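I opened my notebook to record what I looked up in this model, entry by entry.

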Amino acid sequence: TDRYAVFGSPLGHTKSPFIHSAFAAQFGEDMSYEAVEAPVDGFEAAVRAFIAAGGKGINVTVPFKVRAEAMADEALEAANICGASNCLKFEDGRIIADNFDGVGLVRDIEDNLGVELKGKRVLFAGAGGATRGALGPFLEAGVAGICIANRTVEKAEEVAHLLGPRGSIHACGYDAIGQGFDVVLNATSASLTGALPPLPAVAFEGAELAYEMVYGKGKTPFLALAENSGAEQIADGVGMLVEQAAEAFQWWRGKRPNTRPVIEDLTIPLE
Ligand code: ATR
């Protein structure tokens, strides 16, 4: 049995074991997937112990993504760009890092929600890890332009510069946001505490999609505002969660799982 796990702290409500068990069952793969709540000062030791015990790979979540990246012998492009990894593979005594959050988000938007990103104008609220991870895959999808709004504008500017040469990305404060966006994403951590980033209602006028990157918080203040302000479609991060897991599974096992039934199982209606 090949061992995999998700490492994070705290991990109370993680859906990753459920998702990967469902994927494994689709192919009859001989693998196990556990949840490891590593002590905050002992992440690296816990990973090395897992490798020594025969672990083949792990997913990594808050607060360990940057340290997972630092442990890697080799970081693939997406992990490199964000300086953070959500997935490690252990192979021939080496640690290889990647980050599938951004590609999972793009897949969810295009394949599951039916919104093509090519030529679209995109607004990200927030300039933390969630936005950094998404920028590369959004540019690859051919978006027309990306605006990053943040309370601390300097942080948004730093993130914009990171990928600036590869496409049209600009930074602004919330008070400078107008209309004209096709897709608006909440990439702040505000929804975790029931708060709302100070987005003006006009940001959602004519938008095809408003996307809340967290999962399991129901109709957050962001999604409620979006719905009341003209967004055609609202979605939370359940599809992103399952799609990034599918990318990890494929990287580890060489097989592409069917995500639809797993998303259906995990979907909590936004009412
Ligand atoms: P991570 O890198 O793990 O995503 P982070 O760097 O703390 O975490 O990023 C969290 C993001 O959520 C930031 O963009 C933060 O805005 P600031 O950089 O201005 O602090 C944003 N954020 C958190 N709570 C928010 C709130 N109540 N309203 C608006 N933005 C919020």
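**Entry 1: a pair in the sheet.** I started with Phe-7, whose bridge partner in β3 is Val-60. The model is predicted, and I kept that in mind throughout. Next I looked up the two strands themselves. β1 and strand β3, residues 55-60, are paired in the parallel sense over five bridges.

Entry 2: I then turned to strand β2, residues 31-37. β1 pairs with β2 over seven bridges, again in the parallel sense.

**Entry 3: cover on β1.** Is strand β1 mostly covered or mostly open? I checked residues 2-8 and found β1 mostly covered, with five of its seven residues buried. I noted a general point beside this: in a regular strand, side chains alternate between the two faces of the sheet.

**Entry 4: the whole sheet.** In what order do the six strands lie? I wrote down β2-β1-β3-β5-β6-β4, an open sheet with mixed pairing. Its edge strands are β2 and β4 (74-75), and each of them pairs on one side only. For an antiparallel example I went to β3 and strand β5 (residues 87-91), which three bridges join. There I found Asn-59 opposite Cys-87 of β5.

**Entry 5: two domains.** I looked up how the protein chain is divided. Domain 1 covers 2-99 and domain 2 covers 102-237. Their centres, taken over C-alpha atoms, are 27 Å apart. How many residues does each domain bring to the contact? I noted seven from domain 1 and nine from domain 2. On the domain 1 side, helix α4 (residues 77-82) gives the largest share, three residues. By class, that side of domain 1 has four nonpolar residues, two polar and one charged.

**Entry 6: around the ligand.** Which residues come nearest to the ligand? Of the 14 residues around the ligand, I listed Gly-128, Gly-129, Arg-151, Thr-188 and Pro-197 as the nearest. I sorted the shell by class too: five residues are nonpolar, seven are polar and two are charged.

**Entry 7: helix α6.** Gly-129 took me on to α6, which spans residues 129-140. This helix is mostly covered, since 10 of its 12 residues are buried. Among the buried ones I marked Gly-129, Arg-132, Leu-135 and Phe-138. Just after α6, I found that Gly-142 takes a positive phi of about 90°.

**Entry 8: Gly-216.** My last stop was a loop. Gly-216 sits between β11 (209-212) and α8 (221-228). Is Gly-216 buried or exposed? Gly-216 is exposed, because it has 12 other C-beta atoms within 10 Å, and 12 or fewer counts as exposed. I then looked for its contacts beyond the neighbours within four places in sequence. Those contacts are His-13 and Ile-268. I also compared Gly-216 with Leu-135. The two are 81 residues apart in sequence, and 23 Å apart in space from C-alpha to C-alpha.

How values were computed: Residues are numbered from 1 along each chain as its sequence is written. This is a predicted model: local features need pLDDT of at least 70, side-chain atom pairs count only at pLDDT 80 or more; totals for chains, interfaces and linings use all residues. Domain bounds come from an automatic or database domain assignment. Two residues are in contact if their C-beta atoms, placed from the backbone, lie within 7 Å. Helices (H or I, at least four residues) and strands (E, at least two) are DSSP runs, numbered from the N terminus. Ala, Val, Leu, Ile, Met, Phe, Trp, Tyr, Cys and Pro count as nonpolar, Asp, Glu, Lys and Arg as charged, and the others, Gly among them, as polar. A residue is near a molecule or strand if its C-beta atom, placed from the backbone, lies within 6 Å of it. A residue is buried if 20 or more other C-beta atoms lie within 10 Å of its own, exposed if 12 or fewer, and partly exposed in between; C-beta atoms are placed from the backbone. Two strands pair if DSSP finds at least two bridges between them.
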